[in-house]
Amino acid sequence: LRIAVLAETDPNEGRVSATPETIKKLTGMGANVAVQAGAGLRSGLRDADFETAGATVISSAAEAVAGADVVLSVRRPTTEQLAGITAGAVVLSIADPYGNEAELEKLAGTRASVVAMELVPRITRAQVMDVLSSQANLAGYRAVVEAASEYGRVFPMMMTAAGTIPAARVFVMGAGVAGLQAIATARRLGAIVTATDVRPASKEQVESLGAKFIAVEDEEFKQAETSGGYAKEMSAEYRAKQAELLASHIAKQDVVITTALIPGRPAPKLVTTAMVESMKRGSVLVDLAVERGGNVEGAKSNEIVDHNGVKIVGYGNMAGRLAASASGLYAKNLLAFLELVIKDGAIAVNWDDEIIKASVLTRDGAVVHPNFQSKGA
Ligand code: NAD
């Protein structure tokens with residue numbers, strides 16, 4: 001059993017898909033692990049650390065991939081990176097399939113089984129493989145740290161001999177995994193925290209973290225959670241009511257952190273330019289949805305936009321700004337997936353397993369996932 005660990009090619013990607021800890025486990029399962037040279041550097045892991053854990057370090061992707069049964073990556077690998085891959089090899093990554101159907105067709109041509117880790121269902125058995133949660137949790141934390149660093153004032157109330165500084169007001173929009181961690185982090189820093197979401201279940205979670213919940217709680221709100229636990233796209237009518245309620249609230253905030261996503265859809269626009277302009281100079285917004293179109297009007301990927309003295313932070317890949325922690329958790333998510341598909345030192349995928357069915361994009365030369373088959377296929 002051969003496992004290849006690719007070095008990431010995206011300059012904004014500092015994470016890596018295996019760590020010495022997971023490599024020890026994989027070699028214990030009978031695998032030979034080949035790590036592409038330099039793969040861990042931006043997560044603080046040297047080639048020598050991988051070698052000590054039992055891996056071989058190989059200079060090119062092509063050599064690592066040749067003969068591999070499994071290929072591990074953070075981002076979706078390109079067909080160039082997978083050149084020479086064995087038919088039937090299993091490729092694990094955060095494949096970002098939505099809107100990238102043409103790329104999936106090309107990957108299908110490699111005859112590898114390409115898996116999108118972010119499509120693993122949120123069922124109890126798969127929690128340990130849940131890359132959305134492991135990465136969103138870190139992103140929520142980091143969003144607050146970025147906001148605190150860009151904000152020219154402090155978060156906690158400070159009573160000093162020289163005077164009192166009031167606590168910062170932080171508003172978190174979207175209280176899923178990232179939002180809840182953002183609430184907890186802002187609370188730990190002493191801010192006054194409020195939060196909103198469209199899923200009724202989030203209200204109690206927000207309140208249990210010591211934040212105040214603000215939302216339009218009408219009939220549509222009561223039905224807004226899908227059976228999968230995600231938010232539905234809300235109607236224009238709901239969005240208008242939501243905007244009206246939140247506009248006056250946002251005007252009083254020092255920091256707004258937005259995390260709202262809808263699976264397979266562009267992120268909902270929650271903060272308009274007029275709302276940004278209602279905030280005091282020196283306020284900060286952090287848009288965690290920027291890579292999916294953004295929750296904040298005017299947010300730009302990988303930039304801090306200064307709009308009339310209000311900063312809009314649009315870092316994509318927020319979890320990747322904590323590369324060492326993010327790699328540690330991501331690598332463990334992949335290990336858990338591999339434990340499901342490796343039996344007695346060989347790949348043995350149960351194609352009928354609901355985790356597999358939900359996450360496999362391509363197989364035997366075709367795009368097999370129903371959400372991404374090209375028109376007419
Ligand atoms: P997500 O990243 O898809 O979205 C982030 C949040 O934005 C969600 O809470 C969503 O309701 C909210 N949102 C969407 N549209 C909005 C709008 N118009 N206005 C305000 N908020 C909006 O969500 P997530 O963090 O992946 O979590 C989704 C659900 O999955 C949650 O219920 C979470 O508790 C659950 N979950 C379950 C498991 C498990 O059981 N294994 C693991 C992780 C998360």
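The model described here is a predicted one. Phi of D344 is near 50 degrees, a positive value in a residue that is not glycine. A residue is classed as exposed if 12 or fewer other C-beta atoms lie within 10 Å of its own; D344 has 8 such atoms and is therefore exposed.

A positive phi also occurs at R111, where the angle is about 65 degrees although the residue is not a glycine. R111 lies in the loop between helix 4 (101-108) and strand 6 (113-116). With 16 other C-beta atoms within 10 Å, R111 is partly exposed.

The surroundings of the ligand were examined next. The ligand is surrounded by 29 residues, and the closest of them are G174, G176, V177, A231 and A260. By class, the shell around the ligand consists of 16 nonpolar, 9 polar and 4 charged residues. Helix 5 (131-150) and helix 6 (177-188) each contribute at least two residues to this shell.

Helix 5 comprises 20 residues, and the distance from its first C-alpha to its last is 28 Å, close to the 28 Å expected at 1.5 Å a residue. Of its 20 residues, 15 are buried, so helix 5 is largely enclosed by the rest of the structure. A147 is located in helix 5. The count of C-beta neighbours inside 10 Å is 27 for A147, which therefore counts as buried. Apart from neighbours within four places in sequence, A147 is in contact with V255, I257, V284, V286 and V313. The pair A147 and V284 is separated by 137 residues in sequence, yet the C-alpha atoms of the two are 6.3 Å apart in space.

The arrangement of helix 5 relative to helix 6 was then considered. Two packed helices are described by the angle between their axes and by the distance between those axes. For helix 5 and helix 6 the packing angle is about 35 degrees, and the axes are 7 Å apart. The crossing of helix 5 and helix 6 is right-handed. On the side of helix 5, the residues that take part are L132, S133, A136, N137, A139, G140, Y141, A143 and V144, and these meet V177, A178, G179, L180, Q181, A182, T185 and A186 of helix 6. The contact between the two helices includes 11 nonpolar and 6 polar residues, and no charged residues.

A55 occupies the loop between helix 2 (47-52) and strand 3 (56-58). A55 has 24 C-beta neighbours inside 10 Å and therefore counts as buried. When neighbours within four places in sequence are left aside, the contacts of A55 are I23, V33, A34, V35 and F50.

K269 is placed in the loop between strand 12 (255-258) and helix 10 (273-278). With 17 other C-beta atoms within 10 Å, K269 is partly exposed. Beyond neighbours within four places in sequence, K269 is in contact with N295 and E297. K232 lies 37 residues from K269 along the chain, and the C-alpha atoms of K269 and K232 are separated by 14 Å. K357 belongs to helix 12 (residues 354-359), and K357 counts as partly exposed, with 15 C-beta neighbours inside 10 Å. K357 and L119 are 238 residues apart in sequence, whereas their C-alpha atoms are 9.5 Å apart in space.

Conventions. Residues are numbered from 1 along each chain as its sequence is written. This is a predicted model: local features need pLDDT of at least 70, side-chain atom pairs count only at pLDDT 80 or more; totals for chains, interfaces and linings use all residues. A residue is near a molecule or strand if its C-beta atom, placed from the backbone, lies within 6 Å of it. Helices (H or I, at least four residues) and strands (E, at least two) are DSSP runs, numbered from the N terminus. Ala, Val, Leu, Ile, Met, Phe, Trp, Tyr, Cys and Pro count as nonpolar, Asp, Glu, Lys and Arg as charged, and the others, Gly among them, as polar. The expected span of a helix is 1.5 Å times one less than its number of residues. Axes are lines fitted to C-alpha atoms, for helices over the stretch in contact, and angles run from 0 to 180 degrees between N-to-C directions. A crossing is left-handed if the near helix is turned anticlockwise from the far one by less than a right angle, and right-handed if clockwise. Two residues are in contact if their C-beta atoms, placed from the backbone, lie within 7 Å.
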